[in-house]
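Hi,

Here is the structure I promised to pass on. Have a look at it first, and then read my notes below.

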Amino acid sequence: MAGGTASHSGHALHVAHVFKKTLAGEAPDYAIKDEAKLKAVATRCDIEVAGRSTNEIALELVDKALSEFGDKGEALTWAATTVTPGRIDTCNELGIVPTSIDGTIAEVMHRTTYGVDADPINILLGALKCAVADYSACHLATDLSDILFGTPQPVVSKANLGVLKEDAVNIALHGHNPLLSDIIAQVASEPELIAEAKAAGAPKGLNVVGICCTGNEVLMRHGIPLATSSVSQEVAIMTGALDAMVVDYQCIMPAVATIAECFHTKIITTMPIAKMPGAEHMAFQDENAVECARAILRQGIERFKARNPDKVCIPQESSTAIAGFSAEAIIGALAKVNAEDPLKPLIDHIVAGNIRGICLFAGCNTVKVPQDKNYVEMVKKLLAENVLILATGCASGTYARHGFMTSEATEKYAGKGLAAVLTAIGEAAGLGAPLPPVLHMGSCVDNPRAVDVAAAVANKLGVDMSQLPVVASAPEAVTEKAVAIGTWAVVGGFPTHLGVVPPVLGSKLVTETLTATLKDLLGGYFLVEPDPAKAAEALLAVINERRAGLGLS
């Protein structure tokens, strides 16, 4: 839990520092791109916006964000202002309200040291408190990134290894942080660099693709195609067509440098905390981000000259993917149906059963099961039962690659009620086709977007999030971050499925005791089920139980 929270908080802190440098004029290649989101977040954080300049509002907001990391002596703002009152009351009663992101991580490391906490319930409460800190860090990172780079809106792109091009310089952006990748995405379209790529022998110029969550960031904001996800990152190199892989941090296998030795691919690390033997380190500096991006792209162009055509074998599979459904984009689409009360159509369809419930798919892929198997089998069953699907991180990559993020997928997989809803909203939004049945909400740090939607619905109904027919699933989870995210989903009151049994659970008795304890304390709990068919049935049973609790059929 501490490791996962440290990863997300490190990401958030990095974005916050660059945000403040931008306001001070020390990072001139960045700028505030979404003033509406800035004012919305500032208002939520009790910051006055009327009659003040954008810079004044932003400076107070980023100072408040930075204060979340040190001990501020009160509840973390990004947790306390984004959930339902019922969740706040529950967390206060359990004593799991963090007052510092960094301090909570340190507390976990202290309490789990030899000779400190030995009470299992108390250790569990410490983990839940840390998970709330992780949620705050994730939400903070998402908000500041949206303000700096723009809040995602639906964009059409492609996904799978077929997005690599034999006649172009292929450069993959891999990792999690948009600070460098977003600049590279902008710079890659410069005529001078395209001309350099063509002069190097690539008639189609530059082809930037994404891998893992950095790939999701540039997919939803720039329409850059997504090549693959974390567990299959090495396969992109094995096509023989990848000229450079640019990495920042998290979910990057050190083995990519060893694989690259068998090909011409250059692995470029960019962050001081994420180096690896065999890779070239090109330090990314916030103060001259565009210059760093150009230098990195030129390395890829130079490396293209060493490509061996005999080793090139690009699978031709690719699928269309409609990505970029932020909470704002979803509510915006609903506003096309009812401008006066955007949430009413969603609530009406949930009440009528056209949308039986909502499931957030999150987490990773793991080598313990065939890649994507659990995701695909579960989503087919849930869609057929009119469950709306939200997806983030490697889950969203899975559904992008397998064609679930298209209008055609709605017609093929969605139940009659859900298909009718998605068709009506799509037509009202001017798409001339249904919305996809799986809505891409971003990278793994963007999971709070789903909570924003759930909290808005719960507040509209006057209930707690733990009463909604909303569940979560991590069918192929593997990282520490997934543990932290899954746990704060449980704190949020959402029953959360795990498809890979974590090593901390131990015996069946321990698992059952843990589940019962969490359910009693929070309303949310873990469902551990490796079989995807049984997992889908279990989630449907929970959704039906929640519907019955609300008096719905």
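A word on terms before anything else: I call a residue buried when its relative accessible area is under 20%, exposed when over 50%, and partly exposed in between, with a 1.4 Å probe and protein chains only. Please keep in mind that this is a predicted model, in which local features need pLDDT of at least 70 and side-chain atom pairs count only at pLDDT 80 or more, while totals for chains, interfaces and linings use all residues. Residues are numbered from 1 along each chain as its sequence is written, and side-chain values use heavy atoms, with hydrogens and water left out.

Let me start with Asp372, which turns up several times. Both Asp372 and Arg401 are buried, and the two form a salt bridge whose closest N and O atoms are 2.8 Å apart. By salt bridge I mean a side-chain nitrogen of Lys or Arg within 4 Å of a carboxyl oxygen of Asp or Glu. Asp372 lies in the loop between β9 (357-361) and α16 (373-384) and Arg401 in helix α17 (residues 393-401), so the pair ties together parts that are 29 residues apart in sequence. Helices (H or I, at least four residues) and strands (E, at least two) are DSSP runs, numbered from the N terminus. Asp372 also has a positive phi of about 80°, although it is not a glycine. Most residues other than glycine have a negative phi. Asn160 is another residue with a positive value, its phi being near 110°; it sits in the loop between β1 (155-159) and β2 and counts as buried at 19% relative accessibility.

Which residues does Glu476 touch? Asp372 is one of them, and the list also includes Cys364, Lys373, Tyr375 and Val500, leaving aside residues up to four places away in sequence. Contact here means heavy atoms within 4.5 Å. Glu476 belongs to the loop between β12 (470-474) and α21 (480-491). Glu476 is buried yet has no salt bridge, and the nearest side chain of opposite charge, Arg401, is 7.3 Å away. For charge, Lys and Arg count as positive and Asp and Glu as negative, with His and the chain ends not counted. The side chain of Glu476 does reach the backbone nitrogen of Lys373, at 3.3 Å.

On salt bridges in general, the structure holds 28. Lys72 and Glu68 form one of them, with the closest N and O atoms 2.5 Å apart, and Glu68 counts as buried at 0% relative accessibility. Another joins Glu217 to Arg221, at 2.6 Å between the closest N and O atoms. Both of these residues lie in helix α10 (residues 212-222), four residues apart, about one turn of the helix. Glu217 counts as buried at 2% relative accessibility, and Arg221 is buried with a relative accessible area of 15%.

Now to the strands. Six of the six residues of β5 (residues 242-247) are buried, so this strand is largely enclosed by the rest of the structure. Strand β5 pairs in the parallel sense with β2 (residues 169-175) over five bridges and with β6 (residues 266-269) over four bridges; two strands pair if DSSP finds at least two bridges between them. Met245 in β5 stands opposite Ala172 and also opposite Ile267 in β6. Strand β10 (residues 387-391) is likewise largely enclosed, because five of its five residues are buried. On one side of β10 are Val387, Ile389 and Ala391, and on the other Leu388 and Leu390, so to speak covering both faces, and all are buried. β9 and β10 pair in the parallel sense over five bridges, with Cys359 opposite Ile389.

Finally, Ala127 is found in helix α7 (residues 120-149). The C-alpha atoms of Ala127 and Met1 are separated by 6.4 Å, though the two are 126 residues apart along the chain.

Best wishes

Conventions:
Polar contact = N/O pair within 3.5 Å; in protein donor to acceptor, adjacent residues only side chain to side chain.
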